Amino acid sequence: MAKISKENLDNKHVSFSKEKLIKAGYKLTKSREVIIKILGETLKLYDADSLYLEVKKDNLDIGISTIYRTLELLNRLQIICRIIFGSGKTYYMLAEDCHKQTFIYMICNNCKKIITNNECLNNSIKIRLKDSAKKDILDNCHLKIDNYQVLFTGLCDECNES
Ligand SMILES: [Zn+2]
């Protein structure tokens with residue numbers, strides 16, 4: 001596991017998110033920096049517990065309550081957003097990724113890993129709603145749509161090989 005250092009924080013979503021935090025008047029504390037980095041450089045979705053485990057791998061002294069508080073703050077500042085799946089579990093991703101595009105996911109049936117931000121997966125499909133879809137759904141189904149998700153299930157690369 002690579003050590004977290006300023007040098008490898010060159011991902012543009014990561015730098016954009018850090019700037020947003022500073023512009024909002026907040027300090028870039030270690031926990032904020034680490035969470036932004038993990039969310040910005042991953043192809044997986046994290047919930048608070050799995051973020052905590054990831055932070056532990058780097059031997060950083062950040063407790064689970066700090067993780068929760070940091071996630072709350074970053075969410076309030078719209079630096080990250082929440083994704084709630086049918087299971088009720090809450091996952092987080094950088095807001096840049098979630099407000100501008102359809103969420104495209106793949107959940108591995110075997111290891112339960114959730115893959116997202118995967119260019120190959122995203123490029124394999126082009127899906128858009130018809131222009132009037134949101135209005136039709138509101139008028140006919142009385143459901144207010146703000147975004148939509150495409151969810152695939154199957155086997156991830158690791159599970160498929162073994
Ligand atoms: Zn798997």
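Predicted model: local features only at pLDDT ≥ 70, side-chain atom pairs only at ≥ 80, totals over all residues.
Two strands count as paired if DSSP finds at least two bridges between them. Strands of a sheet pair through backbone hydrogen bonds, either parallel or antiparallel.

Strand 3, residues 103–108, runs parallel to strand 5, and six bridges join the two. Within strand 5, Leu151 is the residue that stands opposite Tyr105.

The sheet is one part of a chain with eight helices and five strands. Along the sequence, the elements follow the pattern α-α-α-α-β-β-α-β-β-α-α-β-α.

Among the helices, helix 3 (residues 48–57) and helix 4 (residues 64–76) can be taken as a pair. Two packed helices are described by the angle between their axes and the distance between the axes. For helix 3 and helix 4, the axes come within 10 Å and cross at roughly 120 degrees. Helix 3 is therefore oblique to helix 4. The crossing of helix 3 past helix 4 is right-handed. Helix 3 contributes Ala48, Leu51, Tyr52 and Val55 to the contact, while helix 4 contributes Ile64, Ile67, Tyr68 and Leu71. Sorted by class, this contact has eight nonpolar residues, with no polar and no charged ones.

Two figures describe the protein chain overall. It has 162 residues, of which 19% count as buried. Of the contacts in the chain with a separation of 6 or more, 55% are between residues 24 or more positions apart.

Key:
Residues numbered from 1 in each chain as written. Helix = DSSP H or I, 4+ residues; strand = E, 2+ residues; numbered from the N terminus. Axes fitted to C-alpha atoms, helices over the stretch in contact; angles between N-to-C directions. Parallel < 35°, antiparallel > 145°, perpendicular 65-115°, else oblique. Left-handed = near helix turned anticlockwise from the far one by under 90°. Contact = placed C-beta atoms within 7 Å. Nonpolar A, V, L, I, M, F, W, Y, C, P; charged D, E, K, R; others polar. Buried ≥ 20, exposed ≤ 12 C-beta atoms within 10 Å, placed from the backbone.
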